[in-house]
Every structure is written in C-alpha cells, then in structure tokens.
Amino acid sequence: MTALMTPRERLERDLARDPGILIIAYPYARTWGEIPQDAVRDSWANVEEGQASALYVHVPFCQKKCTYCDFLAYYGRPDTDIGRYVELLRQEIRQVAQVAGHVTVESMEFGGGTPSLLGGDQVTVLMNDLKNCFRFSPSAQITMEVFPDDRITKDLMKDWWRAGINRLTFGVQSLDDGLKRAMNRTDTATDILRILQQAREAGFDDFNVDLICGLPDQTDQSWQDTYREILRLRPTHICVFPVSVRHEGIALYRKRATLPPPSRSRLMYESARMELAQAGYERTTRHNFRLQQYDCTYERMMAQLTPVIGLGAHAVSQSKDCIYKNHSHLAKYEGQVSRGELAVLTGHVFPPYERLNNYAVRKVEYLHLDGKEFAGQFGMRLTDVFSQEIALLDEFGLVRMNGDDMELTPDGVYYTAAVKRTFFHPSAWERFAKMQPGDFQIERGVFGEVSELAGALK
C-alpha cells in the first residue's frame, strides 16, 4: 500500500508540476466501488419533483486520438458501431427516464469523444427521444461538442439547430497546422475559420472555442496568433487550457521532456488571460472566459452540485448524495442496457462527514467559497470546518479570506486543481492509497458479436 502523503507534501508536489487537468468529480472515480442499482434508484427518488438538473450524453468515438487527450474514446471504429451505439442510447434514455424523469433539464451537453461524428438524422432521433422522455425547460441550453474538420458543413449544423441544439463548443486548440499534425489532428486552420463563420450562418450565436497552451514546439508567436484570431471572431466563450500530462494514459506523457517548462506555460496562459480581459471577456473559472451576457449553464450546474443525468458509456451521474458512472466497456454497456438494467459500473454514496468536502471541491471551481452559503447549508462556519486547509492554502499564497468568504488568488486560480485536492477528505486519500496498479486502468472494450449478446440474453 502506498504511504499517505501529508497535505503539505501533496500541495508542494502539485505546485512543482503542471497545473493539472480538471477535477470533474469528487472523489476520484477510480476509487469508487460497486453500487447496487437499488441505491441509485433510491437516490433519484429523493430528488424533488421538478428539480433543476443537467443532462449529459457521452459519444465515445473519435477518428484519431489527439496526443493530449485524457478522455474515453474508441478510435477508427466503423459507422455501424456508431449506429449500434445510438440505438443503445435510445434504449437507455427510456430506462433512465423511469428513474430520473421527474426532474427539469435546464442544461444538456453532447460530449465525447466526438459527438459531431453523429449524422444530423441521428442527432434528431436522439433529441426527439430525450424530449419525449425528460422534461426540458423552455430556456434549456443544449450544447454539442464539435471536432472542426472538413466533415462539418453548414447544412449539418443547420440540422443540429433544427433538432434543438442551441450552442456549440469547438475543440480548436490551435490554428497552427504544424502543431495540429504533431497532435495527431486532421483539421486545419482553414477548416476552422470556415466552420466558425458558418456556425453563425446556421443560427448559432452562442458558441465556445477551446484553446491549449504549453504544447511542445508551440512558440509565443504561434500562440498569440491563435488567440488573437479567435478573439477577432468574438465567440461568446473561450476556454484556455494549460496542457497537462500527469499520467501514462496521455500520449504526450511519453514526450513530456519536450514540453516547455511550467513557468513558460504559465506566461502563455497569462498573456491570453490579459488580452481576453481587455477584449471584454470575464473569467469565471481557471479556463472559462465569457462575454458578460452569456454563461455556460452546464458547467455552472456541475459546480453547484445540481443533479446530473449521465447517459452513454462512461457517463457520470450525480443524484442525491450519490455519484456513479456507467460501464466504459462497450460490450458490457450493451449487455446491461439490453437486459433492461441501468448501465451502472461503480459509484460512491457520500457519508454525512464527506458531504462538506464534496461541496468544497465542487464549488471552488468558480474560484471562491461563500461562507454565508456554507453556513446555511451545513450549520457550521467555513473557517471552523476547514481551518487547517485554508491556513495551508493561505500560507502558499493560493487563497485569501474576504470576511467569511474564501477567494482564490491569481496563483490559486491557475492551480485550481491543487486547491481542490487540498479539500479532499482523508478517507478519499486512504481509498486512493489502497489501489493497485491495475485499478488505475479504465476497462476498455468494443462491441462483441451480436450472436454472443443474443446467447448471453437467453
């Protein structure tokens, strides 16, 4: 068993490395255990009727694997696999609606993978099923993640708009074609600029552009040219991600010696931050910048611990004091759904003592913790419950107190992931330390033969 590090040791290590990937769920999903389906059903039964909620649909397919990618996707699979997956999603939508169909969907996202691999007719079918099975707010924000290559046309985006998608988010990353080839990408700057222009022509006034800094061989000039050209287009949102290669599952991990030093990546991030601020963009999280009248509802709802319905392989859901994820292995996902069961693989039911940590980890995504809100939620002062954590973060210059509220400093914003990890409950670290090397692997697997599945169902 790995010896537990002290909070100070963990923080010192975090600050000596790259800023880390986003921590979407607490505790780490790899430490979750088996969870009975009845526990999941009971947790949703405890969610109030009409509760504002988010919905996420995972499409785990890509044409190729980008070298910086840390997400589950299956690469180069035939279109028949995607069609088969869509039919499974349709079944899962109906099954999950029986458990969680009483909430109100305020925000939804098609994520991946590459959900823009879906055809317009497939998106239309899924959206029809979703709206027939779940209650959507009339003002619901519905987002599609897009890989901006030559497959994306104005007609396809119009199909998405007619299907009910009203926001797009483009994984641009860079406008340097040489860097793109090095990242194993197939899109070009020409593709991207055409598509971003056509997105507005197709009806999408609200869209986001993702950018990455700190890549190997990325020059300051290349980086500035990229974000300045994107600023010229005035998307409603821009996300700036410093690259992170902390584990072997990321292809760039094997080439981490070629990455610029962390100090240079930080300067690249800060140069973009300053110019975005000058252009009227407000920073709401470490990576998220928005024009004032717009918001990313899905991301904000995730941070506010609202219920999340996750559909598809590897999708994560959160209901009442319960978080869980679906099978990642496509054949196992298919087996569960085909048997009429929830596709749940693992989960975690929060004991009372850990709910405070979950609150702090998730809420600090938006760069502060509200002391009055915390006291109203738990009947205790933030500074009493987390006195040691706040003192440590203050010592390292990552947070400061403003009355009863804790705010992240500029260093704390850049190292948001490190700040979050400081609020992990000791039991979460104990579970993590007990893991064996094999426990860190995501169980991947493609669809089995149809005949095999039929035999399993007899």
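Which residues of helix 11 (residues 330-338) are buried? They are Leu330, Tyr333, Glu334, Gly335, Gln336 and Val337, where buried means under 20% relative accessible area, exposed over 50% and partly exposed in between, with a 1.4 Å probe and protein chains only. The model is a predicted one, in which local features need pLDDT of at least 70 and side-chain atom pairs count only at pLDDT 80 or more, while totals for chains, interfaces and linings use all residues. Residues are numbered from 1 along each chain as its sequence is written, and side-chain values use heavy atoms, with hydrogens and water left out.

**Helices**
- Helix 11 is followed by Gly340, whose phi is positive, near 80°; helices are DSSP runs (H or I, at least four residues), numbered from the N terminus.
- Helix 9 (residues 262-278) holds Arg266, which is buried at a relative accessible area of 17%.
- Leaving aside neighbours within four places in sequence, Arg266 is in contact (heavy atoms within 4.5 Å) with Pro410, Asp411, Tyr414 and Tyr415.

**Cysteines**
- A search of the whole structure finds zero disulfides, a disulfide being a pair of cysteine sulfur atoms within 2.5 Å.
- The sulfur of Cys239 lies 7.1 Å from the closest cysteine sulfur, in Cys296, which is too far for a bond.
- Cys239 counts as buried, at 7% relative accessibility, whereas Cys133 is partly exposed, with a relative accessible area of 25%.

Key
Helices (H or I, at least four residues) and strands (E, at least two) are DSSP runs, numbered from the N terminus.
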